[in-house]
Amino acid sequence: MVMRTLGLVVLLVAVGWTVSAQRRPFALSAADERRVSALVRQMTLDEKIGQMTQADQQFLRDPSDVATLFLGSLLSGGNSDPPTNALADWRALYERLQSEALKTRLKIPLVYGVDAVHGHNNVLGAVIFPHNIGLGATRNARLVEEIGRITAKEIRATGINWTFAPCLAVPRDDRWGRTYEGFSEDPAVVAALGAAAVRGLQNGGLRNPLSVLASAKHFAGDGGTTWGTGMPSNEAPNKKFFPLDRGDTRGDEAELRRIHIDPYIPAITAGVGTIMVTYNSWNGVKASGHRRLLTDILKQELGFQGFLISDYDAIDELPGDYRSDIRESVNAGMDMFMVPQKYREFISTLTSLVEANDVPMARIDDAVTRILRVKAAMGLLAERWSPRADRALASAFGSAEHRLVARQAVRESLVLLKNERRALPIGAAVKRIHVSGRNADDLGAQSGGWTITWQGRRGPVTTGTTILEAIRRAAGPQVTVTSDLDGAGAAGADLAIVVVGEDPYAEFSGDREDLTLAAVDQKTIAAVNAAGVPVVAVLVSGRPLILGDALAASDAIVAAWLPGSEGDGVADVLFGRHAPTGKLSFSWPRSMAQIPVNPGGAGDASPLFEFGFGLTYR
């Protein structure tokens, strides 16, 4: 264990992570510790189990359930929004539900969770940052930390106090639909940037009114599933089979630790308050019921002091009936249960299990103590705590200042894969630029999944600047910018920029057997190339794509990943205002036959573009 951890530290230093001399878990004052102990002693079983329960606000039978069932937490899942999805509505929703929690005997506030995974992405007008795959290409831990601070500030403007981020998955197979949620296929990059994200979100300590509770996820092995071991889901259309999502991670414990557990060590060191457990299994045993992973390793060996939260209905996927699912998971070490719709059934079943001595009271007290310690660290148990969101934060929500940081993140995330005939940067001699491709003028496409809706969607989904708009602005009045979808109008242009890639998606529907660039995109690039115009291909995608004929047909290729709301960052690099600095955080395969391909791991050792590859203009 010591040698493996030291090896990880050496790698972390190489990518800019500062190693602390000792762990810095969230600290409680002696008064807070006494307060928590006193609360646990006076709580009834109903109150304790309520604290362990998290419902989705959209499925509450009545808002009064928060008080009558003593709920400890609520969430808004990917599509669980207030009517207009605007800041004021989110704030009103949060405050209304917190007021219900304060009607209970002990007046313990809620921790309210959302998937703010690249900005406060559920809310209209929030800044949408690049997804983690793009941030991984920056290798810039300080920037990731700053993004965390800004995200926390925008979350707190709505009152909400918990985000299910950062994702510390180490994706090893690009066919997985959640690949873009991971910073890298390399655990050292994930460790460095994940810890930076925790520091930014928790912003100097959970009592800071500009901090939010972070949740490192999904422990452990969610990026390592084996093709064909995924599961059908009741949430998926027609219960379609997804070959990687919620699958089985296979291998010995040493490999699991080296790739998928070690990145959590710096996050724990940084004081992350919660960890979300993966849907996946490890060698056939679901992590949600795996005592060795949750208790022996995570809590006891690694010293995690916060609380564990299950994923959305994840305990339903344990073998057996609902009663055995709950018994297995809570006894394995799960502390809080995300049971969006079945919260009443969960409460009654867990109560029965405790009364039958199938779940020890000591395990309940441990879970509740962990939850209350986190709430105390957040200041929620203070006498003068208020459920009202800070109205002053609204002025910075979606602000130009925040967007400038997102723009920086975009330009630092871009990876220049090819640049022949000096196609880039765009020079002063260029007087007409023709922009083509279905992702050129589509804010939803460039933002990807987890943007306003769970799966994301095409179109003007929120506030931002498309890549086409950014190119027009950067080109200025002396340059004519024409555009179409299919490249038919490229003839006569000095340069063509073709923006292609993927449609928005999230988990489930993102699993793809074939990552070849879509036929319509190949056709657009071919049309522009046939016009005899220099071609710059900009790829908007959540993972490396098989380029096929587009590689030879393009003079320059830029991997823009999923840049989010600030398309100006793409134009900054295309026009040479900033030289490209991004380096691949994932190996780029030559063909589907090469997938999966990872440095020092599975697959061919000679990808099309190696991990760490990235050209610049110098």
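Q: Which residue of strand 7 stands opposite Ala-216?
A: This is a predicted model, in which local features need pLDDT of at least 70, side-chain atom pairs count only at pLDDT 80 or more, and totals for chains, interfaces and linings use all residues. Residues are numbered from 1 along each chain as its sequence is written, and side-chain values use heavy atoms, with hydrogens and water left out. Strands (E, at least two residues) and helices (H or I, at least four) are DSSP runs numbered from the N terminus. In strand 7, the residue opposite Ala-216 is Ile-275.

Q: How many bridges join strand 5 to strand 7?
A: Two strands pair if DSSP finds at least two bridges between them. Strand 5 and strand 7 (residues 274-277) run parallel, and the bridges joining them number four.

Q: What is the average twist from one strand to the next in the sheet of order 5-7-10?
A: This open sheet has three strands with parallel pairing. Strand 5 (215-219) and strand 10 (307-309) are at its edges with a single partner strand each, so one side of each has no neighbour in the sheet. From one strand to the next, the twist averages 30 degrees.

Q: Which residue in strand 8 is the bridge partner of Asp-248?
A: Another open sheet of three strands has mixed pairing and the order 6-8-9. Strand 6 runs parallel to strand 8 (residues 281-282), joined by two bridges. There, Asp-248 has as its bridge partner Ser-281.

Q: Is helix 2 parallel or oblique to helix 14?
A: The axes (lines fitted to C-alpha atoms over the stretch in contact, with angles from 0 to 180 degrees between N-to-C directions) of helix 2 (residues 30-42) and helix 14 (residues 361-377) come within 10 Å and cross at roughly 140 degrees. Angles under 35 degrees count as roughly parallel, over 145 as roughly antiparallel, 65 to 115 as roughly perpendicular, and the rest as oblique. Helix 2 is therefore, relative to helix 14, oblique.

Q: Is the crossing of helix 7 and helix 8 left-handed or right-handed?
A: The axes of helix 7 (residues 141-157) and helix 8 (residues 187-202) come within 7 Å and cross at roughly 35 degrees. Contact (heavy atoms within 4.5 Å) involves residues including Gly-148 of helix 7 and Ala-196 of helix 8. A crossing is left-handed if the near helix is turned anticlockwise from the far one by less than a right angle, and right-handed if clockwise. The crossing of helix 7 and helix 8 is right-handed.
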